[in-house]
Amino acid sequence: MEKMKTALSHCEICPRGCGINRTAGKAGWCHAPLLPKVALVSGHLWEEPPISGTKGSGTIFFSHCNLGCVFCQNHTISQEGFGQEVSILRLAEIFLEQQERGFHNINLVSAVQFIPQVAKALESARAQGLRIPVVYNSNGYESLTGLRMLDGLVDIYLPDFKYWNNDLGVSYSHAPHYRETAAAAILEMRRQVPQDVFDAEGLLQKGLLLRH
């Protein structure tokens with residue numbers, strides 16, 4: 001818990017490195033609050049096939065975002081902050097409830113702005129019996145500082161690589177240096193999960209699945 005508070009008291013968990021004190025109620029570029037904020041808990045049957053399989057992926061959509069994509073299909077969630085704040089204990093319960101619903105995995109959608117809180121909730125859920133794979137569904141604009149907080153807690157990384165041209169990254173997602181940032185992040189993800197492991201049904205259990 002102390003490690004989490006330290007990270008959030010001078011927030012640099014994403015590449016923007018705002019450095020604001022979220023424990024004092026301040027918000028940075030992403031406008032995310034201190035407590036994790038959840039917009040939607042659902043089952044997703046139309047994720048990439050090795051993720052969704054036949055029973056679906058247990059998605060948890062987090063509010064806010066560290067990008068500002070002009071084409072975002074979840075604008076109400078990412079930019080307008082639709083959602084409800086929950087405690088870390090409640091977030092751990094949600095993970096376990098998704099497992100009880102029979103989904104193939106837990107799918108954390110756009111969680112970068114809540115990495116320290118998510119890490120703590122995953123530790124709690126694992127201690128209470130979370131067994132299915134954890135998917136980290138990312139826009140690719142991640143910092144090494146943030147990703148290393150997830151080392152050993154995430155089984156499958158599902159990042160985007162949105163732009164090779166950095167000017168387009170700025171124009172369409174307000175993301176300076178997107179190419180270099182995402183490339184370094186993806187290499188860190190690969191370091192954490194160096195092997196792609198599939199079960200007998202072709203479902204990904206560990207590894208990296210890159211979208212571009």
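## Salt bridges, sheet and core of a predicted model

Arg-211 and Glu-47 form a salt bridge in which the closest N and O atoms are 3.7 Å apart; a salt bridge is here a side-chain nitrogen of Lys or Arg within 4 Å of a carboxyl oxygen of Asp or Glu. The structure is a predicted model, in which local features need pLDDT of at least 70 and side-chain atom pairs count only at pLDDT 80 or more, while totals for chains, interfaces and linings use all residues. Residues are numbered from 1 along each chain as its sequence is written, and side-chain values use heavy atoms, with hydrogens and water left out.

Helices (H or I, at least four residues) and strands (E, at least two) are DSSP runs, numbered from the N terminus. Arg-211 also forms a salt bridge with Glu-48, and here the closest N and O atoms are 4.0 Å apart. Glu-48 lies in the loop between β1 and α2, so this pair ties together parts that are 163 residues apart in sequence. Glu-47, Glu-48, Asp-160, Lys-162 and Arg-211 are linked in a network of salt bridges.

A further salt bridge, at 2.9 Å from N to O, joins the side chains of Asp-151 and Arg-191. Asp-151 belongs to the loop between α6 (144-148) and β6 and Arg-191 to helix α8, so parts that are 40 residues apart in sequence are tied together. The count for the model comes to 14 salt bridges. Side chains of opposite charge can pair when their charged atoms come close.

The table gives the accessibility of residues in these pairs; buried means under 20% relative accessible area, exposed over 50%, and partly exposed in between (1.4 Å probe, protein chains only).

| Residue | Relative accessible area | Class |
|---|---|---|
| Arg-211 | 19% | buried |
| Glu-47 | 11% | buried |
| Glu-48 | 23% | partly exposed |
| Asp-151 | 39% | partly exposed |
| Arg-191 | 47% | partly exposed |

### The sheet

An open sheet of 8 strands has the order β3-β1-β2-β4-β5-β6-β8-β7, with mixed pairing; two strands pair if DSSP finds at least two bridges between them. The edge strands, β3 (84-85) and β7 (197-198), each pair on one side only. Strands β7 and β8 are antiparallel and share 2 bridges, with Val-197 opposite Lys-206 in β8.

Strand β6 (residues 156-159) runs parallel to β5, to which 4 bridges join it. It is also parallel to β8 (residues 204-208), through 2 bridges. Ile-156 in β6 stands opposite Val-135, and its bridge partner in β8 is Gly-207. Both faces of β6 are covered, as Ile-156 and Leu-158 on one side and Tyr-157 and Pro-159 on the other are all buried. In a regular strand the side chains alternate between the two faces of the sheet.

### Nonpolar cores

A nonpolar core is a set of buried Ala, Val, Leu, Ile, Met, Phe, Trp, Tyr and Cys residues joined through side-chain atoms within 4.5 Å. The largest one has 54 residues, of which Phe-62, Phe-95, Leu-108, Leu-130, Tyr-136 and Tyr-157 touch the most other members. The elements giving two or more residues to this core are α1 (2-9), β2 (57-62), α4 (88-100), β4 (106-109), α5 (115-127), β5 (134-138) and α8 (178-192). Apart from it lies another core, of 5 residues, including Ile-51, Val-135, Ile-156 and Leu-204.

Beyond its neighbours within four places in sequence, Tyr-136 has contacts (heavy atoms within 4.5 Å) that include Leu-108, Ile-115, Leu-147, Val-154 and Tyr-157.

### Backbone and loop residues

His-64 is not a glycine, yet it has a positive phi of about 75°. This residue lies in the loop between β2 and α3 and, at 8% relative accessibility, counts as buried. Ser-110, likewise not a glycine, has a positive phi of about 55°. Ser-110 is found in the loop between β4 and α5 and is partly exposed at 24% relative accessibility. Most residues other than glycine have a negative phi.

Val-70 lies in the loop between β2 and α3 (75-78) and is exposed, with a relative accessible area of 56%.
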